[in-house]
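I'd like to walk you through one model, from its inner spaces out to a few individual residues. Have a look at it first.

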Amino acid sequence: MRLKTSLLKEPKHKELVSCVGWTTADELFSCSEDHQILRWNLLTSETSLVVRLPEDTYPIDLHWFPKTVGGKKLVQADTFVLTSTDGKFHLASKSGRIEKSVEAHKGAVLAGRWNYDGTALITAGEDGQIKIWSKSGMLRSTLAQQGSPVYSVAWGPDSDRILYTSGRQLVIKPLQPSAKVIQWKAHEGLILKADWNSVNELILSGGEDCKYKVWDSYGRLLYSSSPQDYPVTSLAWAPDGEVFAVGSFNTLHLCDKTGWSYALEKPNTGSVFSLAWSADGTQLAGACGNGQVLMAHVVEQSWEWRHVVVTLIKRRSMQVRNVLNDAVDLLEFRDRVIKASLAHGHLVVTTSLQCYVYSSKNWNTPLIFDLKEGTVSLILQAEKYFLLADGAGLYVFSYEGRLVSSPRFPGMRTDLLNAQSVSLSNDTIAVRDKSEEKVLFLFDILTGKAIGDGKPLTHKLEVVEIALDQGGPASERKIALIDKNRDLYLSPVRRLGREACICKIGSLVHTMAWNDAASILCGIQGNQFTVWYHPGVVLTDKELLPRTLELKDGSEFGRAPHILSYVGSKVTVRQGDGSLVYSSVSPYPALLHSYSASAGWEDALRLCRFAKDPALWACLAGMAMANRELATAEAAYTAIGEVARVQYIRFIQEQPSRESTLAHLLLFSGHAPEAEAALLQAGLVYRAIQVHIDLFHWDRALELAVKHKTHVDTVLAYRGRYLQRVGRKESSKRFLQYAEGVEVDWEKIQAKLEMELTKERERAANVSVRSSVAPRR
């Protein structure tokens with residue numbers, strides 16, 4: 001990826017250009033110290049004068065009123081704020097008419113920024129003050145006062161915090177007066193520019209120490225560049241938060257969000273004082289010290305999937321290369337390419353007006369359909385469907401171009417979504433709520449409605465990344481999530497009325513990815529690379545989980561690695577310096593998952609005997625128990641030396657009825673409430689009581705006995721025997737109360753238990769006879 005830059009032979013402005021701003025993807029405004037505001041039309045390559053400012057007005061900063069929020073168009077979208085050296089800011093229309101001028105600061109107004117919903121304007125001045133204004137220009141409050149000029153200011157992602165510069169320090173100040181202010185020393189020299197992205201919530205800063213740095217919203221340093229040749233005079237995030245641009249004297253960097261540089265351009269511009277991205281994130285404009293307006297667009301982006309590599313070679317054309325036979329195809333588009341994604345044998349490309357869907361088997365005839373709204377900000381792909389996100393909503397399409405669903409939830413802000421906060425599988429969509437980051441919304445892909453009872457999945461901490469597994473049936477769909485403590489959790493998507501079961505499976509996990517076809521998860525934990533061959537085993541037998549892991553030394557991935565994909569048996573990792581590293585994973589676990597999905601248990605056993613890998617045996621044990629294949633599970637547990645579990649499986653196999661077998665299978669997985677419910681529903685009250693006696697849940701056992709008026713003496717007898725063995729006396733008032741009026745006779749109790757077992761066997765026999773007799777017509 002790089003920037004293709006262009007400059008006019010002769011600059012249109014006669015003096016330094018101080019600021020630029022996009023109105024649309026093809027129209028740009030520039031302001032200069034020659035007192036002119038020019039309009040640049042990129043379609044016709046024409047430049048026209050909008051307005052000539054008064055001789056005493058020298059512009060410094062320009063920011064357009066936001067056009068849309070959550071898909072709703074705003075009324076004042078064609079106005080902008082212009083700050084100047086005379087201490088004023090001006091609200092101007094697109095035609096150049098100054099609607100209002102406001103005396104704002106003593107000395108120059110160095111920065112002015114609208115918040116994301118257009119309800120407030122913030123200005124920063126040479127007098128060290130930061131002020132908040134209404135959209136009509138009325139002063140609301142003075143947020144901060146300090147002794148040094150504030151050179152740059154930015155709104156937080158939710159418009160509830162302000163980031164500003166203070167000499168060598170960065171300050172995050174919430175709008176609530178009582179909230180805590182975060183302040184830290186960020187640079188060795190004066191900080192000249194700062195920016196805060198609303199999608200990834202990362203902060204950029206650059207200054208006179210010739211460095212640019214990336215921070216998280218808590219002020220923790222994520223990346224620091226090496227010293228550049230000149231001070232960093234401008235920087236800006238692309239709208240989707242995936243890349244950013246940095247400008248200094250005759251220098252322009254295009255960088256990844258993690259900090260490393262994709263490309264370095266050396267245009268003849270003088271210092272670049274301001275940078276602005278177009279709304280679709282494909283074009284960049286710079287305000288230059290020699291009177292030039294720098295134009296640049298992103299090219300040479302590439303996407304890989306198995307043996308196919310797709311490269312954006314021009315704004316409207318792509319090259320497809322098949323590395324197996326070195327065949328090359330050229331794809332041409334009517335409009336500029338905005339987003340693209342390549343996975344599962346399909347290439348999805350969106351332009352400003354249309355969406356193109358190509359199959360890797362045929363690059364000549366794409367499926368094309370029109371887009372309702374403007375810029376697509378996100379594309380996600382699963383095997384059968386793909387998802388598009390724009391400012392108005394989420395849309396799920398089949399690869400035949402049919403709109404499948406468009407899920408919605410209260411307060412949805414699709415312009416703030418990225419690949420870490422949305423996930424897609426063949427049957428489910430998961431979205432993290434931006435306003436409450438502990439909450440995950442789960443939707444059925446065919447209907448667009450919430451799954452199950454409609455309640456979202458709620459975690460105890462803020463979630464930073466989510467991912468749905470891609471293999472297996474919909475009933476076994478699982479979601480993995482990383483919270484802000486970097487702990488990795490797993491939860492089933494379809495809970496069938498149960499409480500949310502969110503199980504921890506890893507800690508210090510920086511990045512993760514599911515396999516493209518099987519329910520195998522990989523991640524980087526601390527300094528090691530971990531593969532969870534069967535993470536779902538945590539829902540069946542937690543103690544098996546450590547036996548199903550593959551651990552490798554992760555030092556080869558360097559600092560701050562990121563897993564890009566896990567396709568087949570190959571994992572692609574992007575290192576902290578931008579280079580790609582590949583790691584291979586054993587193909588046997590994926591094969592084992594396919595055998596499990598097709599009920600090929602004999603094949604699964606043969607595979608495990610051939611591979612002789614204890615991790616595979618542990619995976620098979622978990623899969624067999626989840627599918628109630630007790631014979632296979634017994635063989636697998638025997639192979640890994642789990643004697644106690646083998647004995648319990650044999651005990652389950654000896655149960656007299658199907659209901660008892662099901663209950664003990666649930667108990668095996670640790671689901672005691674569900675086991676009790678299954679037994680009570682079948683009328684096996686004694687069995688339900690016995691479950692709690694075996695688990696030493698004495699209060700619940702007595703509660704059931706009293707409620708159903710049976711086996712109170714049985715509970716008291718077992719309780720008495722237990723206390724006698726541990727050498728303690730009864731202290732529970734409730735047990736003492738019932739012990740007074742109930743006589744414990746072990747012979748009678750044993751006789752009753754035998755009778756219960758006989759009834760259960762007879763009932764099971766009758767059920768099996770009835771089910772074997774075909775109904776007569």
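This is a predicted model: local features need pLDDT of at least 70, side-chain atom pairs count only at pLDDT 80 or more; totals for chains, interfaces and linings use all residues.

I'll talk about the second largest cavity, whose volume is about 40 Å³. Which residues line the second largest cavity? They are Phe409, Gly411, Met412, Arg413, Thr414, Leu417, Arg432, Asp433 and Lys434. Sorted by class, that lining has 3 nonpolar, 2 polar and 4 charged residues.

Now let me step back to the whole chain. The protein chain has 777 residues, and 54% of them count as buried. There are 12 helices and 57 strands. Along the principal axes, the C-alpha atoms fill a box of roughly 110 × 65 × 55 Å.

Next, the nonpolar interior. In soluble globular proteins, nonpolar side chains tend to be buried together. Here the largest nonpolar core has 58 residues, and the members touching the most other members are Leu488, Phe529, Leu592, Leu620 and Tyr637. Helix α3, residues 614-626, supplies the largest share of this core, with 10 residues. Apart from that core lies another one of 27 residues, including Ala663, Leu679, Ala682 and Ile689.

Let me stay with Tyr637 for a moment. What does Tyr637 touch, leaving aside neighbours within four places in sequence? The list is Asp541, Leu544, Ala621, Met625, Glu642, Arg645, Val646, Ile649 and Phe668.

On to some strands. Strand β22, residues 212-215, pairs with strand β23, residues 221-224, in the antiparallel sense over 3 bridges. Within that pairing, Lys213 stands opposite Ser224 in β23. The hairpin has 5 residues between the strands, and Gly219 takes a positive phi near 85° there.

His35 is not a glycine, yet its phi is positive, at about 70°. You'll find His35 in the loop between β3 (27-32) and β4 (36-41). Is His35 buried or exposed? His35 counts as buried because its relative accessibility is 5%. The other is Leu508, where phi is near 55°; Leu508 is in the loop between β50 (503-506) and β51 (509-514).

His346 lies in strand β36, residues 346-351. With a relative accessible area of 18%, His346 is buried, since the cut-off for buried is under 20%. Not counting residues up to four places away in sequence, His346 touches Ser341, Val357, Tyr358, Ser359, Gln381 and Tyr399.

Finally, Gly471, which sits in the loop between β47 (463-468) and β48 (478-483). Why does Gly471 count as buried? Because its relative accessibility is 3%. Beyond neighbours within four places in sequence, Gly471 is in contact with Arg477, Ala517, Ala518 and Ser519. Gly471 and Leu8 are 463 residues apart along the chain, and their C-alpha atoms are separated by 53 Å.

Terms used: Residues are numbered from 1 along each chain as its sequence is written. Side-chain values use heavy atoms; hydrogens and water are left out. On a 1 Å grid over the protein atoms alone, a cavity is a set of points where a 1.4 Å probe fits but cannot get out, and a pocket is an open set with protein on both sides within 12 Å along at least five of seven lines; lining residues have an atom within 4 Å of a point. Grid points are joined across faces, edges and corners, and a volume is the space filled by probe spheres set on the points. Ala, Val, Leu, Ile, Met, Phe, Trp, Tyr, Cys and Pro count as nonpolar, Asp, Glu, Lys and Arg as charged, and the others, Gly among them, as polar. A nonpolar core is a set of buried Ala, Val, Leu, Ile, Met, Phe, Trp, Tyr and Cys residues joined through side-chain atoms within 4.5 Å. Buried means under 20% relative accessible area, exposed over 50%, partly exposed in between (1.4 Å probe, protein chains only). Helices (H or I, at least four residues) and strands (E, at least two) are DSSP runs, numbered from the N terminus. Contact means heavy atoms within 4.5 Å. Two strands pair if DSSP finds at least two bridges between them.
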